[in-house]
Amino acid sequence: MLLGNAKIVAIDKAPDKDQLSYCMIDNGAVAIEGEKIVWVGDADAIPEDYKDSKKFPYRDLGGRLVTPALIDCHTHVVHGGNRAVEFEMRLQGASYEEIARAGGGIVSTVSATRAASVEELLASALPRVDALLAEGVCVIEVKSGYGLDRETELNMLRAARAIEKHRSVRIKTTFLGAHATPAEFKGEPDRYIDEVCIPTLRAAHAEGLVDAVDGFCEGIAFDTAQITRVFDVARKLGIPVKLHAEQLSNIGGTKLAASYGALSVDHVEYANEEDAMAMAKSGSVAVLLPGAFYTLHEKQLPPIAAFRKHGVPMAVATDCNPGTSPLMSILLTMNMSCTLFRLTPEEALVGATAHAARALGLSDTGQVRAGMRADLAIWNVSHPAELSYRIGFNPLFERIFGGVPVAR
């Protein structure tokens, strides 16, 4: 098809900028052949090959805005149960660490997840997925980490893989066995890593269920030595890594992740300038998760200035999970990244597209240019800043997934 009469937000490097930016084409057109974008440019310069209405049926978009489809690069959408009671506890003054040490937090979701079948996990995840798709998302990363035993971790990944069979979306799966120590291994995190986490990672890889390996490096979870053992196995298996790090304190997770060339380091509120320098050197993306920051009433802001100074790409994601970020709106996430973390709307959009793609190791999406997958979002707005500006308003007109229009 040929999309015309549109404002195109290509997301690319402008001649006068080092960082990715909007790169607007006010009177733009996009030619799509199969699953790929084959041409993007000014409507007055459409090549003759793409003016053939039989081969490239023309669609007039009425001046609407076209962006790359959005990408949620950090979610936990597959899980059992919910933690609404803990939400109430936090409002009564309990901290995240207090809830976790009392047996709540991540571990409290484990029993519900273990009790659910693959089919039940899939069924409960789909409404959350639908909420994201309705806001222009075409790629979702899904983590395991609420099973904490071999079979449930595998079932979570199987359910995540199955989402693609039921929805027009691309799923990237991440093994997060090093998320917490289950009750049956209380006080024995090293034994859990050796006897459950690493063998399950090997099994998941053998079944083709793992696109990346993650861990939670924090005082209430696992230390750098324990994460190192998991990452060493991932490296031997040829699987890229990423890490939850520096969310509640700084225990060296960011530097560890950077030393492994991690795709991303996520949360990073307590990261410092040295961490930013390490990430810049490794090319790791800083994934900002304002939903967790908001839910937990955190005060420590990520080092945005240091990330900008050292050229660390910043992605934004919902962190959709049952406890610390029950957030299923990527548009609200973009707004929160601006209002809470002081990103610009331009940074927020790049963070939910091109930089989010990079955080997942994807090079074929996140930008509107020839050769990329035709994953697009068409909006009833006139300027991309509106996507971060409004609260509780969804201006999506249509998604295009792999060249196929999908009704909102």
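Predicted model: local features only at pLDDT ≥ 70, side-chain atom pairs only at ≥ 80, totals over all residues.
**Ground rules**

I number residues from 1 along each chain as its sequence is written.

**Entry 1: domains**

I looked up how the chain is divided, taking bounds that come from an automatic or database domain assignment. Domain 1 covers 2–67 + 367–406, and domain 2 covers 70–360. Their C-alpha centres lie 30 Å apart. The contact between them (contact meaning heavy atoms within 4.5 Å) takes 28 residues from domain 1 and 24 residues from domain 2.

**Entry 2: helix α9**

Helices here are DSSP runs of H or I with at least four residues, strands are runs of E with at least two, and both are numbered from the N terminus. For accessibility I use relative accessible area with a 1.4 Å probe and protein chains only: buried is under 20%, exposed is over 50%, and partly exposed is in between.

Which residues of α9 are buried? In this helix, residues 273–282, they are D275, A276 and M279. They cover an arc of only 100 degrees around the axis, which puts them on the same side of α9; the arc is that of the directions from the helix axis to the C-beta atoms. I note the background that an α-helix has 3.6 residues a turn, so residues three or four places apart point the same way. On the other side of α9, I find E274 and K281 exposed. The cover over the buried residues includes α8 (253–259), β13 (264–267), β14 (285–288) and α11 (304–310).

I then turned to the ends of the helix. N272, in the loop between β13 and α9, caps the N-terminal end, with a side-chain oxygen 3.1 Å from the backbone nitrogen of E274. The backbone nitrogen of D275 also has a polar atom of the N272 side chain 2.9 Å away. Here a polar contact is a pair of N or O atoms within 3.5 Å; within protein, one must be able to donate a hydrogen and the other to accept it, and residues adjacent in sequence count only if both atoms are side-chain atoms. N272 counts as partly exposed because its relative accessibility is 31%. Leaving aside residues up to four places away in sequence, N272 touches N250 and K255. After α9 comes G283, whose phi is positive, near 80 degrees.

**Entry 3: aromatic rings**

I paired rings of Phe, Tyr and Trp (its six-membered ring) if their centres lie within 6.5 Å, calling planes under 30 degrees apart stacked, over 60 edge-to-face and the rest tilted. By this rule I count five aromatic pairs. In one of them, F185 and Y192 have ring centres 5.7 Å apart and planes at 65 degrees, so the pair is edge-to-face.

F293 and F341 make another edge-to-face pair, 5.1 Å centre to centre with 75 degrees between the planes. This pair links distant parts of the chain, 48 residues apart: F293 belongs to helix α10 (residues 290–295), and F341 to the loop between α12 (330–339) and α13 (345–351). F293 counts as buried because its relative accessibility is 7%, and F341 counts as buried because its value is 4%.

I also looked for charges over rings, which requires NZ of Lys or CZ of Arg within 6 Å of the ring centre and within 35 degrees of the ring normal. The charged end of R64 sits over the ring of F397, 3.8 Å from its centre, and that of R373 sits over the ring of F401, 4.9 Å from its centre.

Is C23 buried, exposed or partly exposed? C23, in the loop between β3 (20–21) and β4 (24–33), counts as partly exposed because its relative accessibility is 23%. Its phi is positive, about 50 degrees, although C23 is not a glycine. E246 is another non-glycine residue with a positive phi, near 55 degrees. I place E246 in the loop between β12 (242–245) and α8, and E246 counts as buried because its relative accessibility is 0%.

Methods:
Heavy atoms only, no water.
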